[in-house]
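Student: Could we go through the structure below together? I would like to discuss its charged pairs and its strands.

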Amino acid sequence: PFNISSLRRQMEEMFDQFFPFSGPAELKVPAGGVMIDVLEDDKEYLIKANVPGFSAKDVEVRVSEDGVTIKGNYNEEKEDKKQNYLIRERRSGSFLRTIALQHVDPDGAKAKFKDGVLELTIPKQDPGKRLGRQLEIEE
């Protein structure tokens, strides 16, 4: 009988034979292109984002009550016509990473940048403050 799990396992084993570094031990970069850690305690969130090769002026951070968006742009160096590239992996591009959070107080957020690491400290807002308002119903 046809078993999809067995077929999948066999395909993974075949790929592992031909491409030994494609397994789970390989470091995978998230879709947003920036690797982060998000920590929290009762009072605040702490986000650490690796953005090597960037300076603080290349990175933009937006904080809202629902989370944080980190984005940046970088440009590759101009091509040197006098030399031939043997390997060329650095390119121009951008990244965008959005982290959904709850009960964020955007007004108290702070950002630091040092040695390619962006560190955000974002206080939490009292959940009771976001209850909205009750509307009067007209007859």
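**Charged pairs and a sheet**

Tutor: Arg62 counts as exposed, at 58% relative accessibility; buried means under 20% relative accessible area, exposed over 50% and partly exposed in between, with a 1.4 Å probe and protein chains only. This is a predicted model, in which local features need pLDDT of at least 70 and side-chain atom pairs count only at pLDDT 80 or more, while totals for chains, interfaces and linings use all residues. Residues are numbered from 1 along each chain as its sequence is written, and side-chain values use heavy atoms, with hydrogens and water left out.

Student: Which residue forms a salt bridge with Arg62?

Tutor: Glu60 does, with the closest N and O atoms 3.7 Å apart. A salt bridge is a side-chain nitrogen of Lys or Arg within 4 Å of a carboxyl oxygen of Asp or Glu. Glu60 is partly exposed, at 35%.

Student: How many salt bridges are there by this rule?

Tutor: The count is three. One of them joins the side chains of Glu40 and Lys124 at 2.3 Å, N to O. Glu40 lies in strand β1 (residues 35–40) and Lys124 in the segment after β7 (117–123), so the pair ties together parts that are 84 residues apart in sequence. Strands are DSSP runs of E, at least two residues, numbered from the N terminus.

Student: Changing topic, in what order do the three strands of the open sheet run?

Tutor: The order is β3-β4-β5, with antiparallel pairing; two strands pair if DSSP finds at least two bridges between them. The edge strands, β3 (59–64) and β5 (93–100), each pair on one side only.

Student: What is the bridge partner of Val61 in β4?

Tutor: The partner is Ile70.

Key
Helix = DSSP H or I, 4+ residues; strand = E, 2+ residues; numbered from the N terminus.
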